Amino acid sequence: MAGMELLSDQGFRTDGRKPNELRRIRFKKGVFKQADGSAYLEQGNTKVLAAVYGPHEIRGSKGKALHDKLLINCQYSMATFSTQDRKRRPRGDRKSQEMTMHLKQTFNAVVLTELFPKVQLDIYVEVLQSDGGNYCASVNAATLALIDAGIPMKDYVIACSGSFVKDTPIVDINHLEESTAGAEIIVAVLPRFDQIVFIEMNSRLHEDHLSRVMDQVMNGCKDIFNILNQQVKDELCKKAAIDKLVDAG
Amino acid sequence: MADVDLSEPEKVYILHSVQENLREDGRGCEDFRHMEVETGLISNTNGSARVRLASTDVLVGIKVQLTPVDPKKPNVGRIEFFLDCSANATPAFEGRGGEGLASEITAMLTRSYSCFSAIDYTSLCLLPGQQCWLLYIDILLLECGGNLFDAVSIAVKAALFNLRIPNVTMTKDEGGIELDVSDDPFDFKRLDVSGAPVIVTVNKIGHQHVVDASEKEEACSLAKVMLGITEKGTVTAMKKEGSGSLDSESISEMIESAKNVGIELNKCLLNILKEEEAKIEEPVGFLR
Amino acid sequence: MPLFKTFKITQPKEYYEKFLEKDVRPDNRELGEFRPTVLNIGCVTTAEGSSLVKLGNTSVICGIKAEVAEPASDGKKGYLVPNVELPPLCSTNFKPGPPSELAQVLSQNMVDFLTDSKCVRLEDLCIVPGKLVWSLYIDLVCLDFDGNVMDACTLALMAALRNTLLPVVTVDEDSGEITTDVSIHQKLSISKCPVSTSFIIFDKKILLVDPTSEEEDLATGALTIITEGDNLCSIYKPGGTPLTDTQMKTCIDRAFLRGREAERLIEELIDK
Amino acid sequence: MQAGTSSGFAFCLFSATFLFLLSISTYSLDLNKFINMSVDIRLAKSRVVGLDVYHGDDPGNIVTPGDIITADTGFMRGHGTYMSEDCLHSSVAGMVERVNKLVSVRPLKTRYNGEIGDVVIGRIIEVSQKKWRVETHSRMDSILMLSSVNLPGGELRRRSEEDEKMMRNYLKEGDLISAEVQNVMSDGCLSLHTRSLKYGKLGQGTLVKVSPSLVLRRKTHFHNLPVGASIILGNNGYIWICPTEHVEAGETGGYETNLQPVSRSEREAIARLRNCVLALADQNVLLFDTSILYTFEASQKYAVKDILKPEVILEVVDLVQQRLELEGS
Amino acid sequence: MPTDTRRITGPETSRSPYDYCQIEISKEENQNELIKSDKKRKDGRLAAQLRPIFLKANVISQARGSSYIEMGQTKVICAVYGPREVMRREDFSLKGQLTCDFKFTTFSCRQRRQHQQDNQEKDLSVQMLEALEPAVCLHKYPKSQINIYATVLQNDGSALSAAIMCASVALATAGIEMYDLVLASSLGVLNTVLLVDPTLQEEENIANETGKSPQNAGTMTLAFLPSLNQVSAMTSDGQFLFDMINKSMQQCIENCQKLYPVLQQCLVEDVKEKANLTHA
């Protein structure tokens, strides 16, 4: 590692976080008017927009329709200015195709697809600024967009990443940590059911360390879930209060 | 874009409302919808801006890069426009669905900015005959609510205003001149955008014309005129679009409107950008 | 619609047979007769060399743009880059987009034509050995596709090459700086004049020279012979009906005749 | 006061406040003559927002996806819920509603889930054999059968093959209709009917789209508002605002539309209503005749086009909420 | 630049020999002077004078309609195919579709051009379409497509105008129903001088001047329907002071009207020729 200490002797990471500390999460649901649901989410410097269209009639050839459940269609795209070095095109490359597939699989596991046979749901994710954890931010933003669109889901899906540095597991890793640390673990879970719907690990990690990292990442997911759920509930309470006025009137 | 297939009576209603100078949403023919601007919200870029015009939403990021000069124009820097129609705006843009629209908008922008007075191209040249800055002006269209060209051009101008080009120190080496780009975020120079144009689109509806047409109004228009207009009222590019034709008097009237609105737009934009500069607040981005 | 037209459309083969029985083609030509050949040179002044060829309706325009480039490893050879374009403009058979298969085949035929006949020595395109050579971009655009584009292309190609004038380019030995002098021009040295002659085989027995587009559609085989003066350069027969020795002999004789005619045509024009 | 000279005998019937407010509106109209162009650019930073976070009490019926609503097995599961591990869970974020044994969760925003008897506004998107396909913001296109419409000549007329060929003459692509949900098929597709004089093809006017959950279910969704315009609040979130027609659709069966210019006063009322409806929707306030009328009144001190501005929306809607609260308590 | 596997490719990079021309300074000064002291342009024309036009219809045997135009050294050939049925169901519409494809041949300009359509050519295709569409009775061709292909054989300025007129004649000879013919005219403006039908060199000189001073420096192209008295397309590049736009527009319209008889004449001759053929 070229002169870069990912974890200082005092136990702080390069951006000043503690090993188990998340980046600041901020979000807003309903940023767009025309989509059925939308959300904007920031995890530190990673910024993502997600939009949901549908469920609606199958677009294009009707042959794609599934007779017994909803067809989920995803597109993952990165703004050409989102990365440190400019991207030549926003999508179509191998990496974003793979990401598109991962998103599709993740959300197929949680949306109650059997309720909507023969129709289609579009989930579009646009990364505006990338600083590590693109998949995680995309999943979390898309979850919020689905909630905004009122799409029935089994639970939230929350994704979080983690790594292992200097014998210490770290969570919610940023771009620098992604590119210099050894292994990276990405997990998407259904927080209330403790079910894992997606897991990816690249690079090598000793078996003994894996469970330690996993524990931290699962905790990270829980923390993210709490943050998201609290704000979603607050907004609903506000709306309930407004409706009460009307019902009374 | 959204639902723009209107019924005959709806079209007639819009036509008459334009005739009456009382549009569907209460605006007059030369009124713009209100607009919100923010700059410097994408920290990965050298300059960025977001413009929201009613429900039309545009995000622009500019990145600068050192590049060899064009041998035919050895004394100037270059700009390059790229526009991506995000599927977030409409499923029709998925995959390559938005490319046609994108190339239309970038073509108009390129023409508007091809005039040397638009920005100071010579200041973008570091070593005449050798190295210059290339500005990648990347535009992301996030939501479509009518009048895309104008909104995009305003966002581009705002992002250029926000642009911070790192300073470069040159040291003479035996092999030639070495360029060293400063990585201090406060060591930068700005670009003079006073000559940069905005695009004003004027739609002909019935016998009248409107600026800043909504999507419904655009669906009722058979011909429009687009002009790149600077703060001084100079025209840097013009184009007529649409399947209808126009007589020369109405073109004269339309470009007159475009000029007046264009001058006002440029003024308002510059004022508000200067106002923003004076504030030291965290960008709100999409959070509000 | 007149009766003969209906016949032609519904039973084109039978329609042709009726004519060929009498040793004449529907356009009044004899079996071994070329369509009127019109050649025009220097018609595009933005190109270093240009020509326009019409074989009946078929027309091909050729433009040569010369650029300078670094030579490949051996250092002395220039580049000849011929490409045949069959744009959607010339026929309903072609769609916009990348070149059709036929266009690719024709382009390759042009490469073979140039290398087989050795009419331009690549060494002659050298400006400074190891440093700078000419690269001639030869683009042949078909404007009207009515058969036998091959012969039209080769004729246009040769005429344009003969018509090419290059500015004088010099390289300063010390600084390596390149200078172009546009006030003086030099011709390409072209020693030879190869000519191609194409035939089709109709109904497995009858040979027709210079086929139209209709005739090409009905052909059961094709044959192209390239001659150069009194020499036979190449014979190209992409499959189809086999030919007997005598038939081949007839074709070769016809090709030599055509070769001399075409050569004379080019010479006359250049001399003017 | 030179009030009411230019517009509207429709207002004569109304209260004094109305008259007073009207004068302001004419005043601002005069002002428009002098400023015939307006460009309004602001900073996103300086936008006023309402309360960002709610600090009131949790009303107790708020759930988010995955929440357990009840472990009691005696309930029937409705929209927005699912069973897992013997517990009734919520599948959307919204408010729990109980009607007898039926438990459902109403999300803030969804596509339209049609119910029999709902009033909807829809747009014809395809004319096919014996039926029209209608876009109603449902998850599937809705169907309007040729047999479910009134044809010119009365209800009892037999439908002939001639009618099938004439279908495009009655309703064609792009046309807007008001209709009632006749049936909900098993896959969620809605079939509509227009067999009542109040339904049918819509003429001149303006369509506004909001979330279906913002439209309050009422006995009637057709209102001739006392401001010179009519409004149809489609249960599907499509809202139609048009001039009040004085002549009922006659023998033409309502397929002929009046293309005469609408008067300026009606136009203004329609434009104001449109902006008011959008303002309410922007602030997530339920839409019904009273809330819309209150907003219309509260907006009077502003020119119609100013109701598009966020700070005006906030102020006006706030006034409406106060008034509703006052009357509710 | 992605490598093109379907074409014969030359060396990786090559440059035009004209890039290395030595420009004599005295000459350059003269170059930007568009009007010489005798009030004539470089090619001997007056400022408001059009170049001679040669126009011929029916030049491509395979096309439904075609024509060839020469305006000075600018040479454009154009073919019209169709109306043909639209194959893809999604493209069906009750109104016919018109497409335009504008292409420079590789050797048509001083600098060699690429085989693939570049952005400028795409933009010009769109502008051509804009100019022609208002003149074609597309509602008479439901579910069909009419394709226009224009190829510039040599560009010496005003290529778009030439292509529009050429296509207009080709459409007419193809028997496509039209409301009116389409005429087009280009104009170069420098300071207060209006140069009608500019040559390539004049266009380039003007482009070099844009923005150097707060004066006019630009080019405009306008398409005009003469009997309807309507403008079907209008584009400008470069810098125009506002008042100049109107003046230029009027000048272009005037030029279009001058060209009207030329197109009419060409079509009359074409009809005569066709009549002779059928009689013979």
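What follows is a friendly conversation about how the terms used for this predicted model are decided.

Biologist: What should I know before looking at this model?

Modeller: The model is predicted, and local features need pLDDT of at least 70, side-chain atom pairs count only at pLDDT 80 or more, while totals for chains, interfaces and linings use all residues. Residues are numbered from 1 along each chain as its sequence is written, and chains are lettered from A and ligands numbered from 1 in the order in which they are written.

Biologist: Happy with that. How do you know that chain A and chain C do not touch?

Modeller: Two residues are in contact if their C-beta atoms, placed from the backbone, lie within 7 Å. Chain A and chain C have no such contact, and their nearest C-alpha atoms are 21 Å apart. No contact joins chain A and chain E either, with the closest C-alpha atoms of that pair 9 Å apart.

Biologist: And which residues of chain D and chain A make up their contact, in numbers?

Modeller: Chain D gives 36 residues and chain A gives 37. On the chain D side, strand E7 (94-99), helix H4 (289-298) and helix H5 (310-328) each give two or more residues. H5(D) has the largest share, five residues.

Biologist: What makes something a helix or a strand here?

Modeller: Both are DSSP runs numbered from the N terminus: helices are H or I with at least four residues, and strands are E with at least two. Counted that way, chain D has five helices and 18 strands.

Biologist: How is the chain D side that touches chain A divided by class?

Modeller: Into 16 nonpolar, twelve polar and eight charged residues. Ala, Val, Leu, Ile, Met, Phe, Trp, Tyr, Cys and Pro count as nonpolar, Asp, Glu, Lys and Arg as charged, and the others, Gly among them, as polar.

Biologist: What share of chain D is buried, and what makes a residue buried?

Modeller: A residue is buried if 20 or more other C-beta atoms lie within 10 Å of its own, exposed if 12 or fewer, and partly exposed in between, with C-beta atoms placed from the backbone. Buried residues are 42% of the 329 residues in chain D.

Biologist: Why are H3(D) and H4(D) called roughly perpendicular?

Modeller: Helix H3 (residues 264-282) of chain D packs against H4(D) at an angle of about 115 degrees, with the axes 9 Å apart. Axes are lines fitted to C-alpha atoms, for helices over the stretch in contact, and angles run from 0 to 180 degrees between N-to-C directions. Angles under 35 degrees count as roughly parallel, over 145 as roughly antiparallel, 65 to 115 as roughly perpendicular and the rest as oblique. H3(D) and H4(D) are therefore roughly perpendicular to each other.

Biologist: Which residues of H3(D) and H4(D) make that contact?

Modeller: Arg272(D), Leu273(D), Cys276(D), Val277(D), Ala279(D) and Leu280(D) of H3(D) meet Ser291(D), Ile292(D), Thr295(D) and Phe296(D) of H4(D). By class they are seven nonpolar, two polar and one charged.

Biologist: And why is H2(E) called oblique to H3(E)?

Modeller: Helix H2 (residues 119-132) and helix H3 (residues 159-173) of chain E pack at about 45 degrees, with their axes 10 Å apart. That angle makes H2(E) oblique to H3(E). The contact residues include Leu124(E) and Met128(E) in H2(E), and Leu160(E) and Ile164(E) in H3(E). By class, this contact has eight nonpolar, two polar and no charged residues.

Biologist: How do you know that E7(E) and E8(E) pair?

Modeller: Two strands pair if DSSP finds at least two bridges between them. Strand E7 (residues 183-190) and strand E8 (residues 193-196) of chain E have four bridges, in the antiparallel sense. Leu190(E) stands opposite Val193(E), and in this hairpin, with two residues between the strands, Asn191(E) takes a positive phi near 55 degrees.

Biologist: Which strands link chain C and chain E?

Modeller: E3(C) and strand E1 (residues 14-15) of chain E run antiparallel, joined by two bridges. Ala69(C) stands opposite Ser14(E).
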